[in-house]
Amino acid sequence: MPDATSGPAWERRLLLGLLLAPALLWLFALIVLPQIDLALLSFRERVAPREYVASLAQYRTFFAEPLYWHVFVRTAVMSLAATLATLLIAFPVAWTIAKLLRGRLSALLFVVCLIPFWVSETVRTLGWMILLRESGVLPALLAHLGVTAAPVELLYHDATILVGLVYTSLLFMVVPLVSSLESLDNSLIEAAYDLGGSGWSILREIVIPHAAPGITAGCIVVFMLMLGNYLTPTLLGGKSSQWFTEQIYTQFIVRFNWEQGAAFGFLLLALSTSMVWLGLKLSGQRFGDVMRRT
Amino acid sequence: MIPSLPRPLWLRTATTLYLVAFLVFLFLPLATVAVFAFNDAPYPAPPWHGFTLDWFLGNASRDRTGLFGDDELLASIWTSFLVACAVTALSVGVGTANAFLMERARFPGKGALSALMLVPLVLPGVILGISILAFASRIAEFVNDLFGLELEFLRPGLPLVVLGQFSYIAAIATLTISARLKRFDPTLEEAAYNLGASRGAVLRTITLPYLRPAMIGSAAIAFLMSFENFNTTLMLVGADPPLTIMMYGRMREGATPVLNAVSLFLMVASALLALTLMRKDGRRAA
Amino acid sequence: MSAAGTGQDAATHDLDVRGAVKRFADHVAVDQLSFSVARGSFFSILGPSGCGKTTLLRMIAGFIQPDDGEILIGGRSMAGVGPNRRPVNMVFQQLALFPMMSVGDNVAFGLARRGVARAERLRRAQAMLERVGLGGAARKKVDELSGGQRQRVAIARSLVLEPTLLLLDEPLGALDLKLREHMKIELKQLQAAFGTTFVYITHDQSEALVLSDHVGVMNRGRFEQQGTPQQLYYEPATPFVAGFVGANNRIVGRATGVAGAIVSITSEQGWLIRARSATAIAAGTAVEAFVRPEVAVLARAAADLPAGQPAHGGEVESLLFDGANSAVLLRERQSRVEFRIALPQTGQFADLRVGEPIHFSFDPARAVCFPAGVAHA
């Protein structure tokens with residue numbers, strides 16, 4: 001029994017060691033050390049070929065160049081807006097699955113909501129491109145119906161990026177919402193109604209406080225995924241997408257300026273971490289509980 | 001609100017309409033991709049020019065390269081498949097070991113380790129990618145300077161892609177398998193001992209079979225996540241692009257409906273995978 | 001206590017526990033406990049929860065190592081023998097049937113671990129299932145069975161290994177009342193049919209009395225008394241046993257006179273009764289007396305009471321109708337002490353009314369008293 005509680009001491013040690021080795025190797029070689037390395041990388045400057053000094057130059061560049069921090073702020077704001085939109089769109093669906101439908105029908109709708117997410121994001125984005133580009137399905141339809149005189153370009157707008165981001169992230173909002181709403185006892189709602197609560201007050205006083213962990217979990221995960229997304233903004237936003245991950249890619253892969261790319265990476269990480277932290281603080285949740293929910 | 005409370009007609013109608021709109025929103029892109037895989041035109045765009053299977057079966061001689069004649073695309077599917085297999089095996093293996101570690105073992109620093117295991121889930125994929133790229137390069141440089149050895153696998157390429165994807169998929173596998181092990185009734189193991197089973201036999205006949213659904217489930221999730229991964233892979237990829245990277249490159253250039261064909265192929269494959277898993281689940285529930 | 005330790009006894013005893021001790025951080029769960037169980041008998045360990053009976057059972061099964069003392073099974077010391085090497089099988093409280101296997105595979109599990117060939121173990125599992133009346137269930141899933149059937153599978157799974165000793169850890173606890181009554185009888189019949197030595201732990205005195213050849217009443221890590229169910233019921237050795245086994249009226253007071261084995265007792269509230277003393281009692285000591293509800297006799301007139309018994313009077317406080325177990329709760333006239341008397345099956349007192357005055361008496365030789373507050377050694 002690998003419970004490391006029985007057997008002689010050396011055997012327990014050996015077993016513990018064997019179980020610890022993969023975990024430590026994974027977490028330290030692939031997570032902790034690379035992150036430390038990335039931090040070190042971002043705090044140095046190349047002064048001559050293969051010669052570096054410690055400096056804050058990379059971060060100075062970020063703040064000195066308006067393009068960089070402009071893109072940074074833009075990414076944060078749009079991710080936030082898209083997260084809220086996702087929450088608003090997903091909530092009624094989650095409510096329907098968790099509370100309105102029963103048995104097989106509820107399970108069916110849930111599965112139907114999951115299906116698109118079994119397919120790669122690349123494929124889903126391809127679908128949006130065929131639908132929205134100037135020669136695509138929707139502009140043709142709009143022109144045909146006479147809404148617009150000629151087919152218009154629906155790609156490469158900020159709104160397009162938002163739609164794409166919301167679409168890719170819905171699953172990660174619906175799942176935690178459904179699980180937290182399902183655990184809400186119907187009789188609580190009946191009791192509130194019986195005591196004279198209106199739909200709105202019940203939602204505010206009973207449902208939302210109960211679903212808070214699920215809402216937090218969904219928002220944190222969705223926000224993080226949006227911030228780190230690369231595919232959807234670049235394909236749906238095109239040249240005007242101005243997403244921060246694009247800057248990281250450019251510095252790292254195109255310009256081979258790893259120091260600058262590392263600094264950008266670190267700024268993105270700081271933003272994502274502080275938002276996660278803020279979300280947890282605001283809703284009074286604990287990190288571990290929230291992550292296990294998703 | 002809930003079915004047991006009176007809901008006005010307008011609310012019920014609105015709910016239904018909303019649901020329909022939501023489902024259209026959900027499936028419109030997928031349906032579009034599928035339909036245009038059969039359009040007899042060189043670009044996946046309206047109008048409809050008639051039905052064709054060229055984008056599956058066509059070859060260079062007919063100036064339309066279909067999926068099964070597109071060696072580059074087929075090679076990238078194969079690459080994705082190999083990467084996904086490696087990531088799945090690693091993630092489920094490490095995830096299972098971690099589950100036993102977290103649920104059964106006692107050691108100092110366990111709380112910190114358990115928190116650390118969740119960290120990969122909140123690191124943006126791009127950052128995982130660049131940090132592993134930079135760290136691997138640093139080690140490669142170091143080894144090169146010190147011993148004059150060139151460690152090819154630490155340069156951008158499939159080994160790094162596998163490690164990059166594994167670094168966060170392992171966290172998901174760990175969570176799934178640990179959750180099931182936590183619900184395990186330890187008296188089952190005692191009963192097996194009591195009936196004369198050895199340590200190995202208990203693990204083989206009781207504990208692992210109990211964990212099997214979680215292991216299969218997390219294997220499917222790991223495979224799918226690896227197959228679909230883009231952000232981390234983009235930073236670590238070398239000369240052999242997996243399918244998502246290949247598709248991305250072609251989508252930027254404006255591709256022929258062969259991409260729709262490969263997408264449809266992916267949809268069917270994932271639907272089959274999903275159905276098999278749900279069947280299994282359903283049978284167990286029944 | 002039955003003798004333990006001589007070589008001759010070990011040959012006819014399937015279980016010998018000698019001076020077993022288990023201490024936990026804050027208490028002693030099993031305290032210098034010694035007893036033996038004769039081959040082929042049904043032995044119950046009866047005690048309230050927390051008395052150490054589960055620890056004792058798990059020590060016999062090998063899941064817990066005793067801090068001191070020795071456990072012999074079939075005459076062989078079990079020191080250093082792992083739970084999977086002991087000739088002992090256990091029926092767990094929640095049964096612990098393996099949900100990932102069929103019923104047949106559950107029963108064949110132990111045989112497979114012994115390396116019995118597949119065809120042979122399936123045959124033996126099938127034969128065992130037929131003996132417990134589940135011949136057609138081998139292919140079923142565990143969760144397709146009813147509570148009683150699962151019980152039988154758990155027993156079959158253990159008995160197919162022909163253990164020297166079968167341990168049962170309150171296996172009826174999870175069943176509902178009707179089924180529990182039924183399974184009691186079935187368990188007793190199974191034990192008789194197989195002839196395997198059963199060691200059964202329970203907190204339910206009725207289970208222990210109905211099932212067992214011998215019972216050990218356990219309290220705070222020790223046996224208060226060992227004996228046949230009849231001995232425990234009619235000759236309790238300690239106040240704990242008198243209070244725990246069967247229903248009893250408990251009267252606390254002081255010994256005011258001693259005449260041979262019969263002690264006169266004045267209760268705290270001033271009621272005068274007489275009872276047989278279990279140990280020597282000097283006049284003036286604090287005592288507690290126990291009178292079983294069925295020992296007392298009711299009468300509407302004092303003259304109808306059996307001659308030679310001290311007569312008492314009282315008023316009906318409440319009627320507790322429960323079919324054959326019906327009783328009347330009354331208060332003694334002067335002291336207002338509450339006293340319970342079983343109603344006779346004749347229906348003679350079916351028309352009793354609350355508040356009605358009534359006479360009653362009991363044979364002092366069938367009531368028992370102990371020095372109060374003295375722990376039984």
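Visitor: What makes the four strands of chain C an open sheet with edges?

Guide: In this predicted model, the strands of chain C follow the order β2-β1-β4-β5, with antiparallel pairing. β2 (28-38) and β5 (76-77) of chain C each have a single partner strand, so one side of each lacks a neighbour in the sheet, and these two stand at the edges.

Visitor: How do you know that β1 and β4 of chain C count as a pair?

Guide: A pair needs at least two bridges. Strand β1 (residues 13-23) and strand β4 (residues 68-73) of chain C have five bridges, in the antiparallel sense, so they meet the cut-off of at least two. Within this pair, Val21(C) stands opposite Asp68(C). Helix α2 (residues 53-61) of chain C packs on the sheet, where it touches β1, β2 and β4 of chain C. The direction of helix α2 of chain C makes about 60 degrees with that of β2(C).

Visitor: Why is Ser241(A) called buried?

Guide: The cut-off for buried is 20 or more other C-beta atoms within 10 Å. Ser241(A) has 22 such neighbours, so it counts as buried. Ser241(A) sits in the loop between α10 (231-237) and α11 (244-254) of chain A. Setting aside neighbours within four places in sequence, its contacts are Ile161(A), Pro233(A), Thr234(A) and Glu246(A).

Visitor: What makes up the side of chain C that touches chain B?

Guide: Here 17 residues of chain C are in contact with 15 residues of chain B. α3(C) gives the most to that side of chain C, with three residues. By class, the side has ten nonpolar, four polar and three charged residues.

Key
Residues are numbered from 1 along each chain as its sequence is written. Chains are lettered from A and ligands numbered from 1 in the order in which they are written. This is a predicted model: local features need pLDDT of at least 70, side-chain atom pairs count only at pLDDT 80 or more; totals for chains, interfaces and linings use all residues. Two residues are in contact if their C-beta atoms, placed from the backbone, lie within 7 Å. Axes are lines fitted to C-alpha atoms, for helices over the stretch in contact, and angles run from 0 to 180 degrees between N-to-C directions. Ala, Val, Leu, Ile, Met, Phe, Trp, Tyr, Cys and Pro count as nonpolar, Asp, Glu, Lys and Arg as charged, and the others, Gly among them, as polar. A residue is buried if 20 or more other C-beta atoms lie within 10 Å of its own, exposed if 12 or fewer, and partly exposed in between; C-beta atoms are placed from the backbone.
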